[in-house]
Amino acid sequence: MTNQEIVEQGKKYVMNTYGRLPLALVKGQGPRVWDADGKEYLDFVGGLAVNSLGHCHPAVSEAIAAQARQLIHCSNLYWIEPQVKLAQILVERSGLGQAFFCNSGAEANESAIKLARKYAKTNWGEEKYEIISMQKSFHGRTLATLTATGQEKFHNGFAPLPEGFKYVPFNDIGALEAAISPVTCAVLLEPVQGEGGVFTADSQYLKQVKELCEANQILLIFDEVQCGIGRTGKWFAFQQSGVMPDILSLAKALGGGTAIGAMLAGEKVASGFQPGDHASTFGGNPLACAAAVAAMTAMAEEKVVGNAAEIGDYFREKLSALIDRYDFVTEVRGSGLMLGLQLTKPGAAIVEYCLRAGLLINCVAGDTLRFLPPLNITTVEVDEAMSILERALEAGD
Ligand SMILES: *Cc1c(COP(=O)(O)O)cnc(C)c1O
């Protein structure tokens, strides 16, 4: 089928939940993808921070193929080695105690919210239930996680929403302190906000948040679904500040492209869940875990996390140089290879120009261009992306 045929049939049969570009992808290799008409693109969307090793990394593809011949799925009534191995890798890298596996970022955050409430009620009292999250945050699309999401546009039309959520401005310790009450059970935040516009938490702020949590019997949950697994140039974004959360949610890049999410917690907090408290049929199944073990192993062997820091600095400098050259470009934000370019006008036309010129990028919060290339990208590819981006900015000047 051609691009046009796939798009037309898609519009007929697939629900209209995404503002999709008129493009059907059929193949990916490293940092590049191809559409159904054979056109090639440099991919700086990276499956929205999923394809951190690039597309179809041989170690991941091989692991999936081998596992698919061995055991694709069994129930969590039984143990499987790939899940145990993956949990060990995540625990050893993060310093947290134990892992629970699910299939997506939203589910990882649902798990985090449930564990926080269960632990707090069991240990600190039945009336401790409230989750304080941040304005401009994004935590997923299930009812609880969209309620935790501090952006009203995601809530509209879905009331009644679950109770027990409250929002404060990001990076504002006074506002958090004022919002805390005896019912507060957890603070939930992204160390680097993604969908909200690529905003980084100050290290000092995170330290103060941790102190407030410890002083008030409140759990600290970091949502690293987007900024975790090497994206910021450390394995976990919290390692930038050294502030350890009680609970950590992961997904996106974890499975090398397969659908897997994880929720980690220190051993004591993890013990808040007992058999029967939480579950997922597909969560951490053999196929996804084998892919994730292969992805995490390849990321370590190929030192892509250090590369994300190094190339991130290079890319950031190139982007920063645009501020002086275009008066509608005002700021570069983010960390490692999670970068945002703030415009004073909508970014959609620039995204479309780049697409036609062979570069995939996207735009968040209407006027922030976001870049999430694979973590093993080179300066040559950054230069290639920059040259297309500059042409797009010229065209929009
Ligand atoms: C993408 C994202 C989610 C939701 O993940 P899904 O896999 O789409 O459910 C949650 N939190 C953050 C920070 C995200 O970027």
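Residues are numbered from 1 along each chain as its sequence is written, and side-chain values use heavy atoms, with hydrogens and water left out. Because the model is predicted, local features need pLDDT of at least 70 and side-chain atom pairs count only at pLDDT 80 or more, whereas totals for chains, interfaces and linings use all residues.

Side chains of opposite charge can pair when their charged atoms come close. The structure holds 10 salt bridges, a salt bridge being a side-chain nitrogen of Lys or Arg within 4 Å of a carboxyl oxygen of Asp or Glu. One of them joins E81 and K85, with an N to O distance of 3.4 Å. Both residues belong to helix α4, where they are four residues apart, about one turn of the helix. Helices (H or I, at least four residues) and strands (E, at least two) are DSSP runs, numbered from the N terminus. E81 is exposed, at 55% relative accessible area, while K85 is partly exposed at 41%. For these classes, buried means under 20% relative accessible area, exposed over 50%, and partly exposed in between (1.4 Å probe, protein chains only).

A salt bridge is also found between E130 and K166, whose closest N and O atoms are 3.4 Å apart. This pair links distant parts of the chain, since E130 is in strand β5 (residues 130–134) and K166 in strand β6, 36 residues apart. E130 is buried, with a relative accessible area of 10%, and K166 is partly exposed, with 27%. In the salt bridge between R333 and E331, the closest N and O atoms are 2.8 Å apart. Here R333 is buried, with a relative accessible area of 8%, and E331 is partly exposed at 36%.

E190, in the loop between β7 (184–189) and β8 (192–193), is buried but has no salt bridge. The nearest side chain of opposite charge is that of K252, 7.6 Å away; Lys and Arg count as positive and Asp and Glu as negative, and His and the chain ends are not counted. The E190 side chain does reach the backbone nitrogen of F138, at 2.9 Å.

Most residues other than glycine have a negative phi, and most peptide bonds are trans. A cis peptide bond, with omega about 0°, joins A159 and P160. P160 is in the loop between α6 (143–148) and β6 (165–168). Q217 has a positive phi, near 50°, and is not a glycine. Q217 lies in the loop between α8 (203–215) and β10 (219–223) and is partly exposed, with a relative accessible area of 41%. A365, likewise not a glycine, has a positive phi of about 55°. The loop between β16 (362–364) and β17 (368–371) holds A365, which is partly exposed at 40% relative accessible area.

Rolling a probe the size of a water molecule over the atoms shows where empty space is left. On a 1 Å grid over the protein atoms alone, a cavity is a set of points where a 1.4 Å probe fits but cannot get out, and a pocket is an open set with protein on both sides within 12 Å along at least five of seven lines; lining residues have an atom within 4 Å of a point. Grid points are joined across faces, edges and corners, and a volume is the space filled by probe spheres set on the points.

The second largest pocket has a volume of about 910 Å³. It is lined by 29 residues, of which W79, Q83, A99, F100 and F101 are the closest to its centre. Two or more lining residues come from each of α4 (81–94), β4 (98–102) and β12 (261–265), and α4 gives the most, with five. The lining of this pocket has 18 nonpolar, 10 polar and one charged residues. Ala, Val, Leu, Ile, Met, Phe, Trp, Tyr, Cys and Pro count as nonpolar, Asp, Glu, Lys and Arg as charged, and the others, Gly among them, as polar.

One cavity of 30 Å³ or more is counted. The largest cavity holds about 30 Å³ of space, and its lining includes C74, I80, Q83, F282 and P286. The lining residues of this cavity are four nonpolar, seven polar and no charged.

Notes. A polar contact is a pair of N or O atoms within 3.5 Å; within protein, one must be able to donate a hydrogen and the other to accept it, and residues adjacent in sequence count only if both atoms are side-chain atoms.
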